[in-house]
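Please read this briefing with the sequence and the 3D structure open. It goes through the contacts between two chains, then some details within each chain.

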Amino acid sequence: MNIRDPELVDRLASEYVLGTLHGKARQRLETLLIDRDDIRRAVWRWENRLADLSSTTPLLEPSKRVWTRIGDRLGFNDKKQSSGSTFWHLWSAAASLAAVVMAVLLITSTDSGLSPIPTTDNADHIAVVGEGNDPLWLISANLTSGALTARAINAQAAEVDKVFELWMLPTSGDPRSIGILPVSGNTVSHQIPPGLLALLKESKGLAISIEPIGGSPTGLPTGPVVHTATVVGL
Amino acid sequence: MNENELQTLVARTVHGDRVAFQALYESTSPTVFGVLQRMLSDRAQAEDVLQDTYVKVWSRAGEYHYERGRVIGWVIGIARNRALDILRAKKRRGEVQSADSWPPETIAGNSGELEQNTVLQQCMERLAAIQQQSIIGAFVHGWTHEELAKLLSLPVGTVKSRIRRGLALLKDCLER
């Protein structure tokens, strides 16, 4: 079966979304969805085409306990901030590396032998993540516009089913997720919302944790904190 | 809430904004819960799947972008996948009623519940009744080809080909 054939891709996507693709065929398509952009897009199109069939279903208000349970599972209702405490402990231990990171920043940005590294337009703050002469990511931001660009310099994927998540460390309270970091030379851009931007201006720095694909399921770091960096004004 | 507002809530959710996430939940969960209740016919189970769905929405909000289409389609997609897994497991254990008791539905039979005359509804009405029944039965109730064949007293191969043809016609109509 040639799953490069656009008609077949579209048909499989339609049956996947309808729910009539079963067993190994469904599993195979789900595997292909991970790295086949054409199949993902075909599935999205069918999700949209058929979404209105749901309007034949009456709206039904869930009981309030569902939201409470979602909050419990995501740690929203936990006043102890236990994972936050662990996080801060790890962060303190790693923070002493920040000075080394700054030296890397200068080497990386002035080395004429390297091709230009994409940064945010009009970047006014920058951070380099990495140790010694092995910079992993260059993160640049304009704290007025909220534009942030993260470029993987030497960072490679953590594990097959893990990602690196970038966190901002406010002066108080829990770390706040900025987004998933790229690997293998890629660049991603994020738009920092105004509320987060205000915290970032006063933040203690950045940290990177290893998380499941899609990022932390709880809104707080769940995996080990593997790097930290200081944000420096230009 | 319009689509732009929903997309803004998702964007804020990506950044850990719990207020935005709650607003997204309150705006979309009655639709999603209605879909789940109809698929699973079990309120407690539908609530469990609703929880799973929004935990995923929180952790995967970064995967959503406007090219995916409407936010509600994305959330329903997450919910239906989980519900289909549960339905299949229940069927393997023989816990689901057979398709014998399912009253075949066409889009016309559901029109009283539609808030507006959607393009999809108009396109569905152009399909043969048996195609409408099969597509609604599969999408809304999670019935398999085999169950639909039993219900409609048709060979499985015929049901498969009619669904396939129905989906192709639906796509052509929606893209006009």
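A salt bridge is a side-chain nitrogen of Lys or Arg within 4 Å of a carboxyl oxygen of Asp or Glu. Between chain A and chain B the count is 5 salt bridges. This is a predicted model, in which local features need pLDDT of at least 70 and side-chain atom pairs count only at pLDDT 80 or more, while totals for chains, interfaces and linings use all residues. Residues are numbered from 1 along each chain as its sequence is written, chains are lettered from A and ligands numbered from 1 in the order in which they are written, and side-chain values use heavy atoms, with hydrogens and water left out.

**Between chain A and chain B**

- In chain A, 54 residues are in contact (heavy atoms within 4.5 Å) with 63 residues of chain B.
- The buried area, meaning the accessible area (1.4 Å probe) that two parts lose on being put together, summed over both, is about 5,500 Å² between chain A and chain B. Carbon and sulfur atoms give 58% of this area.
- One salt bridge joins R73(A) to D52(B), with the closest N and O atoms 2.7 Å apart.
- Helices (H or I, at least four residues) and strands (E, at least two) are DSSP runs, numbered from the N terminus. The elements giving two or more residues to the side of chain A that touches chain B are α1 (6–18), α3 (37–51), α4 (64–74) and β5 (176–180) of chain A.
- The largest share of that side, 8 residues, comes from α3(A).
- By class, the side of chain A that touches chain B has 22 nonpolar residues (Ala, Val, Leu, Ile, Met, Phe, Trp, Tyr, Cys and Pro), 14 charged (Asp, Glu, Lys and Arg) and 18 polar (the others, Gly among them).

**Salt bridges over all chains**

- Over all chains the count comes to 13 salt bridges.
- R40(A) and D37(A) meet in one of them, at 3.3 Å from N to O.
- Because R40(A) and D37(A) are 3 residues apart in helix α3 of chain A, about one helical turn separates them.

**Strands of chain A**

- Strands β4 (residues 162–169) and β5 of chain A pair (DSSP finds at least two bridges between paired strands) in the antiparallel sense, over 4 bridges.
- W167(A) has S177(A) in β5(A) as its bridge partner.
- The hairpin of β4(A) and β5(A) has 6 residues between the strands, and G173(A) in the turn has a positive phi of about 90°.

**A residue of chain B**

- Q45(B) is found in helix α3 (residues 43–60) of chain B.
- Leaving aside neighbours within four places in sequence, Q45(B) is in contact with L40(B), I86(B) and K90(B).
- Q45(B) and I86(B) are 41 residues apart along the chain, and their C-alpha atoms are separated by 9.0 Å.
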